[in-house]
Amino acid sequence: MLKDATAIVGIGQTPFAKQLPETEKALACRAILAALDDAGIDPSEVDAFASYTMEETDEVEVAKAIGAGDVTFFSKVGYGGGGSCATVGHLAAAVATGQASVGVAWRSRKRGSGPRPWKNTAVQLPTPGQWTRPFGLLRPADEIGMLARRYMHEYGATRDHLFNVALACRNRANQNPAAIMYERPLTREMYMTARWISEPLCLFDNCLETDGALACVIVSAERARDCRQKPVYVHSAAQGLPAQHHGMVNYWNDDPLSGPAWTAARHLWKQADFGPADVDVAQIYDAFTPLVPLSLEGYGFCGRGEGGAFTEGGALEIGGRLPLNTGGGGLSEAYVHGFNLINEGVKQLRGTSTAQVPDAATCLVTAGEGVPTSAILLRS
């Protein structure tokens, strides 16, 4: 029922920076209004919203501020960056089943100028965190650092493989004037001599801390044909939470390196008319570099344990086997819980990316690996 039944017809974003003066609500509204203008749709026609449970700006305030009409569908998805693609999937389902006609998904965040979430000691720790944070795994970087070390031990992946991921994202950001790391090259020497954040992860293995907002607009495939921009169809959507999973502190699971991507991928490809070999460009969630090889394996681009080697020989660059994160990703464009990956996927299939893959017609976009996750397949 969902296959190609809906399309993304508008995208919008604010500038990205370490610190922006506007509130998260103001940034959200700016991104949403830009996306609606991009689509040629009046705000009064919006009747559906989807965002993250971590979003500080709720749909009640957004709907009033932008001048939306009666809203008949709204949802929020949990687990931070794991929810990014699910916001599109929820709206696609709502539009395809007639619950709404114009849906807006968004994420607004002041992570650059705001507090770091793990500094709040007044909040009750989730159950897995009670067994890890008192012993030093305070930050997501620490938790992914543990998974990365296990992956390197099990399969022989090296820091050079992680550098390949960081370099590909930085190279694409160097082409993107909107990226925080625009015109700021990265070299292997810079990477190898950078300070540790949580060994084996150095500074350049970690995403940026960003203020900014992004949004997109979803309508039916029929209506999309009359919108201002070339439609980008939502071909398939999936979420994934494996059995007996414990989030990023998944160390006592029987198979800690088989993460949520594997569960989401099975459902995603089952609904699709094409497979991994047919994907022209990918936008893979990159809060940390090790998430990319883990996702490459989970979504079927290579075999188990082969994600590190897959990155060799310029495979992730334009002209390589799988060009990825062509706007710079969370590592080098901006980190807004992965929403910039959705918008960049749309740009690629419109043919308007700053690092355009020639004749790109299919794109995989993934949400955060290591937490309950989601993914979408887009096609032109």
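Two strands pair if DSSP finds at least two bridges between them. Keep that in mind for the strands. One caution before we go on: this is a predicted model.

Let's start with strand S4, residues 103-110. Which strand does S4 pair with in the antiparallel sense? That is S7, residues 211-220, and the pairing runs over eight bridges. Take one residue as an example. Gly-103 has Ile-218 as its bridge partner in S7.

S4 also pairs with strand S2, residues 48-52. Here the sense is parallel, over three bridges. Phe-49 has its bridge partner in S4, and that partner is Val-104.

Now, how many of S4's eight residues are buried? Look at each side of S4 in turn. One side carries Gly-103, Ala-105, Arg-107 and Arg-109, all buried.

Next, a pair of helices. H1 spans residues 24-39, and H2 spans residues 59-66. Their axes come within 10 Å. They cross at roughly 55°. H1 and H2 are therefore oblique to each other. The crossing is right-handed.

Which residues meet there? From H1 come Lys-25, Cys-29, Ile-32, Leu-33 and Leu-36. From H2 come Glu-61, Val-62, Ala-65 and Ile-66. By class, that contact has seven nonpolar residues, two charged and no polar ones.

Tyr-151 sits in helix H5, residues 140-155. Is Tyr-151 buried or exposed? Its relative accessible area is 5%, so Tyr-151 is buried. Leaving aside residues up to four places away in sequence, Tyr-151 touches a list of residues including Leu-257, Pro-293, Leu-294 and Glu-297. Gly-308 is also among them. Tyr-151 and Gly-308 are 157 residues apart along the chain, yet their C-alpha atoms are separated by 9.4 Å.

His-161 is in helix H6, residues 159-173. At 11% relative accessible area, His-161 is buried. With the residues up to four places away again left out, His-161 touches Gly-156, Gly-308, Ala-309, Thr-311 and Glu-312. Notice Gly-156 and Gly-308. Both are touched by His-161, and both are touched by Tyr-151.

How values were computed:
Residues are numbered from 1 along each chain as its sequence is written. This is a predicted model: local features need pLDDT of at least 70, side-chain atom pairs count only at pLDDT 80 or more; totals for chains, interfaces and linings use all residues. Side-chain values use heavy atoms; hydrogens and water are left out. Axes are lines fitted to C-alpha atoms, for helices over the stretch in contact, and angles run from 0 to 180 degrees between N-to-C directions. Helices (H or I, at least four residues) and strands (E, at least two) are DSSP runs, numbered from the N terminus. Angles under 35 degrees count as roughly parallel, over 145 as roughly antiparallel, 65 to 115 as roughly perpendicular and the rest as oblique. A crossing is left-handed if the near helix is turned anticlockwise from the far one by less than a right angle, and right-handed if clockwise. Contact means heavy atoms within 4.5 Å. Ala, Val, Leu, Ile, Met, Phe, Trp, Tyr, Cys and Pro count as nonpolar, Asp, Glu, Lys and Arg as charged, and the others, Gly among them, as polar. Buried means under 20% relative accessible area, exposed over 50%, partly exposed in between (1.4 Å probe, protein chains only).
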